[in-house]
Amino acid sequence: MNGIAPGVKALYREAIKDYAARLADWPPPEVVTHRAEGFNPHCGDALETALHCREGRIAALGFDSESCVVCHASAALMAQVLQGIAVETVPKALESFENALRGHIEWPEVFDEASCLEPVRDFPSRIQCALLPWHTLAMCFHPQPTTACTEEEIPE
Amino acid sequence: MSQSSLAAHQTHTLDIAKIRADFPILQRTVHKKPLIYLDNAASSQKPNQVIEAVARYYRRHNANVHRGLHTLSEEATTAYESAREKVRAFINAAEIAEVIFTKGTTEAINLVASSYGRAHLRAGDEVLITYMEHHSNIVPWQMICEQTGAVLRVCPINERGELLMDEFERLLNDKTRIVAFNHISNSLGTVNPVKRMVQLAHAAGAVTLVDGAQAVPHQGVDVRDLDCDFYAFSGHKMFAPTGIGVLYGKRYLLEQMPPYQGGGDMIKSVSFEKTVYNELPSKFEAGTPIIAGAVGLGAAIDYLNEVGLEAISDYEYGLLTYGTEQLKTVPGLRMIGEAAEKTSVFSFVLDGAHPHDIGTILSHTGVAVRTGHHCTEPLMKFFKVPATVRASLAFYNTREEIDALVVGLGKVREMLL
């Protein structure tokens, strides 16, 4: 791949492409207790996150998505990290992910593999792509869900 | 390409090397590669002639216009009003009173929707737009329809991205008050049959607004020949600065319309009891106008006239034909928008690669394209794509740059597929 800058090679390295391909392993669960749509107005990416929450935990989660490699990889990583966690810990996880992605903190241990998204930092317009699944997850727990938008703060 | 298009495009030559030397930004590198700027439908680059005109205005003539008696104010007024005359001649308007300076196309459309729309639309009236409109020619009409109880109708298109003219005729009726459509689609490059559409709309008793933002950089526009009632365009897409645009309107319509905004310059006299509004065009230019922007627009018009819009149109047609052939050699590439009458836009998707990823990788090969929905979400839904890659041309682009785009797409395939 002559003529391609190292930064862009890092963005599309195998680890990220592998995770993006693995999104197919995360279809929406059969039983859905929470659902939200997300939209990135910057590029038109759209993603729907569906959850099956049981006994205070995310028992299963999955996606319908028409998005870029970065968004797909981020969604697959999110699913891997968050499946089985207590619902009450979700806001903290989202906050940690976004802070780590933006380089404000070191990657917490739980997000060890998510650190492969680090090259996204060098592409400010692509950070929203990585955040879209996470913003959409937050919207799943919003009392009045609307479409999550990556140009807005993560909903409380 | 249709036979009529081919016949219309005779050979004119442009000195591309000389033209490119006029645009300093084209000399820069991006990611250590020569910049290949193919995002002209979003915003065009500026020649030295425009940059210098704006700088000269600020260096020598800057003052407020119209009300000052001192030399600088008189010079600024002359520069501003000279630009208006250049615009008038550029679009062949009958008189300068019909040329209103705005911030851009969006403000021009909002002006008509708010002022003409609010004054003329009643519950049950209809506004007709098309499926291929930019959001700026959808949302202002939605807003005014919501306020007045009028109904928004949308003319459909076919798979090639052409308007269904029989549907257009069918949708026109005695309730249609306003018909608003683009001259050239920003997402597809489709050139609409404006003159015919205006005739049909007039026959139904409606007034017409043409969004000309994508037309003015590419071909000559004659508003009297088109017979449109309003024509809107932006400076920054035609090599002038951002922040300046134009609304052309027929005098008798502009005279009927209430002011869009109130303030200085748009009044003859003000008392607490009554304000007398100014004559056209000042009635629609409240506050200190975008003087330097207008000066820059005048310089851009001078530049376009010097190069020649016919020559530009012919040259770009050659680039479009060449680019269409070259892009079709890229495996998995599907062109979105293949109208018989088309100009200066390649909108496409690539199997297995999302437009956003394509845009990022191309940027690192030096190629600037736009990816996304291009402010035409309904159009993306029609073509069942979330987004496209859009490479859009100006007359400073070359065949070699199109080759570089094709090579860049090869790299995209290498990296992603």
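What share of the 417 residues of chain B counts as buried? In this predicted model, the figure is 59%.

The secondary structure of chain B consists of 15 helices and 17 strands. Its radius of gyration is 22 Å, close to the 22 Å given by the globule rule for 417 residues, so chain B is as compact as a globular protein of that length. Along the principal axes, the C-alpha atoms of chain B fill a box of roughly 70 × 55 × 40 Å. Among contacts in chain B with a separation of 6 or more, 72% join residues 24 or more positions apart.

As for annotation, an unreviewed UniProt entry lists residues 36–405 of chain B as "domain: Aminotransferase class V". That span is 39% helix and 17% strand, and its end C-alpha atoms lie 8 Å apart.

On charge, chain B carries 40 positive and 46 negative charges, whose mean positions are 4 Å apart. The accessible surface of chain B is about 16,500 Å², with 52% belonging to carbon and sulfur atoms.

I now turn to chain A. From the N terminus, its elements run α-α-β-β-β-α-α-α-β. The radius of gyration of chain A is 15 Å, close to the 15 Å that the globule rule gives for 156 residues, and chain A is therefore as compact as a globular protein of that length. Of these 156 residues, 51% count as buried. Chain A has 11 positive and 23 negative side chains, and the centres of the two sets are 5 Å apart. Its accessible surface comes to about 7,300 Å², of which carbon and sulfur atoms account for 47%.

Conventions:
Residues are numbered from 1 along each chain as its sequence is written. Chains are lettered from A and ligands numbered from 1 in the order in which they are written. This is a predicted model: local features need pLDDT of at least 70, side-chain atom pairs count only at pLDDT 80 or more; totals for chains, interfaces and linings use all residues. Side-chain values use heavy atoms; hydrogens and water are left out. Helices (H or I, at least four residues) and strands (E, at least two) are DSSP runs, numbered from the N terminus. The radius of gyration is taken over C-alpha atoms; the globule rule is 2.2 Å times the number of residues to the power 0.38. Buried means under 20% relative accessible area, exposed over 50%, partly exposed in between (1.4 Å probe, protein chains only). Contact means heavy atoms within 4.5 Å. Accessible areas come from the Shrake-Rupley method with a 1.4 Å probe; for residues, only the protein chains shown count as cover. Lys and Arg count as positive and Asp and Glu as negative; His and the chain ends are not counted. The place of a charge is taken as NZ of Lys, CZ of Arg, CG of Asp or CD of Glu. UniProt positions are given in the numbering used here, feature names are shortened, and annotations may be inferred rather than shown by experiment.
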